[in-house]
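Me: Hi! I'm new to this one, could you walk me through it?
Reply: Happy to, let's take a look together.

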Amino acid sequence: MQSLIAGNWKMFKTVREAELFARRLVAELDIPPGREVVIAPAFPALCAVAAALRGSAIKLAAQNVHDQAQGAFTGEVSAGMLIDAGCEYVIIGHSERRTFPGETDDLIGRKLLAALAQGLRPILCIGETLAEREQGATFTVITGQIKEGLKNVALGDIGDAVIAYEPVWAIGTGKTATPEQAQEVHAFIRNTIEDAYGKELAGKLRIIYGGSVNSGNIGKLMSEKDINGALVGGASLDIESFSAIVKY
Ligand code: PGA
């Protein structure tokens, strides 16, 4: 299984900054074998970054997608448009989208199907808040998010998806889950997938960790059995730190 290191740039970097970053990454980053690298700029920078990445092994992701193929949805972007812009992946259900625009599990499930229908690979983000963890509700929350998020996803499609476990209390806070805490939830996620899709598919599904990942903690996280990569926010904005994470 290839591990996946994905940089989520959130609402940072102008088109020019994003393009220059991508050009430097292509020129300077030596990707170790068995690793896949993805960057997710904001919508306006997608085409320029796609052009900069052309011919390289680095792949492009979007940070959001609409659940309909086209229509009168002002301000929205469809999966087909993202494919056309050069994306291979799309982040769906990030906690910042669950919180600010108030995306529900049901909507996230529909977005996932819309992405898969166009051949866009979804990175489904799930994770509990601090209050939920303290109430002992982590596994209940995770189960609900997986069941709803993957509702109606066919057996043949599940392998194209990636699950990102991002405990909300670890995102942008500098508070990483310990490798043991993350592994415990990743193993639970894999078991949940196994119950729904069988052992073979569950064994192949990539489950990546996100939440204050940096070049100092990536190595230990990646040494856990069920951690197959990382979704990196803040530390992906700087080329040195992102490169160091890729080379963990
Ligand atoms: P962070 O963000 O690495 O800045 O905590 C991770 C994410 O939101 O995907």
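**Core and pockets**

Me: Which residues does Ile193 touch, leaving out those up to four places away in sequence?
Reply: Ile193 touches Ile146, Leu150, Ile163, Gly198, Ala202 and Leu205. Keep in mind that this is a predicted model.

Me: And which members of the largest nonpolar core touch the most other members?
Reply: Ile193 is one of them, along with Ile39, Leu82, Leu150, Ile189 and Tyr209. That core has 64 residues. There is also a second, separate core of 13 residues, with Ala6, Ala40, Ile91 and Val162 among them.

Me: Switching to pockets: what volume does the largest pocket have?
Reply: About 410 Å³. Its lining has 15 residues, and Lys10, Met11, Gln63, Asn64 and Arg97 are the closest to the centre. By type, the lining splits into six nonpolar, five polar and four charged residues.

Me: What about the second largest pocket, which residues lie nearest its centre?
Reply: Lys10 again, plus Gly172, Gly233, Gly234 and Ala235, out of 19 lining residues. The volume of this second largest pocket is about 230 Å³, and its lining has eight nonpolar, nine polar and two charged residues.

Me: Where does Lys10 sit in the chain?
Reply: In the loop between strand 1 (3–8) and helix 1 (15–28).

Me: Is Lys10 buried or exposed?
Reply: Lys10 counts as buried, because its relative accessibility is 18%, and the cut-off for buried is under 20%.

Me: What does the Lys10 side chain pair with?
Reply: The side chain of Glu96, through a polar contact of 2.8 Å. Beyond four places in sequence, Lys10 is also in contact with residues including Ala42, His94 and Ile171.

Technical notes. Residues are numbered from 1 along each chain as its sequence is written. This is a predicted model: local features need pLDDT of at least 70, side-chain atom pairs count only at pLDDT 80 or more; totals for chains, interfaces and linings use all residues. Side-chain values use heavy atoms; hydrogens and water are left out. A nonpolar core is a set of buried Ala, Val, Leu, Ile, Met, Phe, Trp, Tyr and Cys residues joined through side-chain atoms within 4.5 Å. Buried means under 20% relative accessible area, exposed over 50%, partly exposed in between (1.4 Å probe, protein chains only). Contact means heavy atoms within 4.5 Å. On a 1 Å grid over the protein atoms alone, a cavity is a set of points where a 1.4 Å probe fits but cannot get out, and a pocket is an open set with protein on both sides within 12 Å along at least five of seven lines; lining residues have an atom within 4 Å of a point. Grid points are joined across faces, edges and corners, and a volume is the space filled by probe spheres set on the points. Ala, Val, Leu, Ile, Met, Phe, Trp, Tyr, Cys and Pro count as nonpolar, Asp, Glu, Lys and Arg as charged, and the others, Gly among them, as polar. Helices (H or I, at least four residues) and strands (E, at least two) are DSSP runs, numbered from the N terminus. A polar contact is a pair of N or O atoms within 3.5 Å; within protein, one must be able to donate a hydrogen and the other to accept it, and residues adjacent in sequence count only if both atoms are side-chain atoms.
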